[in-house]
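Open the model in your viewer and get ready to select residues. We will go from pockets to a cavity, then to a helix and the loop after it.

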Amino acid sequence: MAYEGMIAETCSINGNNNEPISAYVARPLGAGPFPGMVLIHHMPGWDEWYREATRKFAHHGYATISHNLYHRAGEGKADDVAAKVRAEGGVPDAQVIGDTAGAEAWLRAQPWSNGKVGVFGTCSGGRHAYLYACHSKTIDAVLDLWGGRVVMSQSELTPKQPTAPIDFTKNLRCPLLGLFGNEDRSPTPEQVDQHEAELKRHGKQYEFHRYDGAGHGFFYYDRPMYRIEQAVDGWQKVFSFLRKHLAA
């Protein structure tokens with residue numbers, strides 16, 4: 001039986017404006033080269049689910065980094081730090097883009113990188129993943145899982161989120177995978193329709209999959225919204241998409 005292993009650890013990377021932020025990294029043992037994945041955590045924070053997801057991607061052969069968008073809010077339990085960030089109106093989109101660029105650059109600089117990097121996010125992280133992909137000239141694939149507020153009304157815009165991500169669709173340069181629950185309210189099925197129409201209008205390469213009987217967060221096994229059949233199928237679609245677009 002072939003030996004199998006991985007290394008997982010926290011580290012510091014240079015985020016927005018070269019500010020140091022914390023990150024969690026997992027990769028298969030060995031010289032590689034490995035495709036890379038950047039995981040952008042959800043609104044509940046840089047939490048246990050994202051640690052486990054980071055290791056899951058590593059188990060499937062991807063060198064993976066999950067950076068802490070809430071690093072500047074201080075240390076503590078993920079829920080407490082996330083509550084503090086929410087009370088302050090969230091993190092600025094420009095800062096998220098800068099932090100994610102730092103995580104991507106860190107991955108690409110490693111000797112075991114194969115030169116391909118994808119970005120993945122759920123919930124607010126799905127929104128951020130799409131936003132980042134629309135601003136990046138180098139990312140090779142993007143996975144948006146039930147990212148709310150990609151479509152935003154004028155009244156929802158704020159100084160920290162001044163432009164709806166859907167308005168940057170014309171700049172998207174890489175393939176997109178989107179997974180959505182038809183019972184979700186953020187994004188609603190109508191908002192997913194609107195997003196899809198914009199992708200078609202600009203001739204973008206994408207695939208959307210929508211699940212009946214599922215709402216927001218249906219991958220989260222530790223929460224009431226978990227839906228095992230839809231989650232198992234969704235993970236299969238995630239790794240099928242990545243095999244197609246991140247091979248060396």
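Select helix H2 (78–87) and helix H4 (124–135): each supplies at least two residues of the lining of the largest pocket. H4 gives the largest share, 3 residues. Helices (H or I, at least four residues) and strands (E, at least two) are DSSP runs, numbered from the N terminus.

This is a predicted model: local features need pLDDT of at least 70, side-chain atom pairs count only at pLDDT 80 or more, and totals for chains, interfaces and linings use all residues. Residues are numbered from 1 along each chain as its sequence is written, and side-chain values use heavy atoms, leaving out hydrogens and water.

**The pockets**

The largest pocket holds about 270 Å³ of space. Now pick Met43, Gly90, Ser124, Arg149 and Gln161, the closest to its centre of the 16 lining residues. On a 1 Å grid over the protein atoms alone, a pocket is an open set of points with protein on both sides within 12 Å along at least five of seven lines; a cavity is a set where a 1.4 Å probe fits but cannot get out; lining residues have an atom within 4 Å of a point. A volume is the space filled by probe spheres set on the points, which are joined across faces, edges and corners.

Next, select Trp46, Arg51, Tyr70 and His71, which are among the residues lining the second largest pocket. About 190 Å³ of space lies there.

**The cavity**

How many cavities of 30 Å³ or more does the structure hold? There is 1. About 60 Å³ of space lies in the largest cavity. Its lining includes Asp144, Phe180, Gln191 and His195. Color helix H5 (residues 189–201), which gives the most to this lining, with 3 residues.

Go to helix H1 (residues 48–59).

Show Trp49, Tyr50, Ala53, Thr54, Phe57 and Ala58, the buried residues of H1 (under 20% relative accessible area; exposed is over 50%, partly exposed in between; 1.4 Å probe, protein chains only). Strand E1 (6–14) and helix H6 (228–245) are among the elements that cover them.

Last stop: Gly61, in the loop between H1 and E4. Its phi is positive, near 100°. Gly61 is partly exposed, at 25% relative accessible area. Beyond neighbours within four places in sequence, Gly61 is in contact (heavy atoms within 4.5 Å) with Pro28, Phe34 and Pro35.
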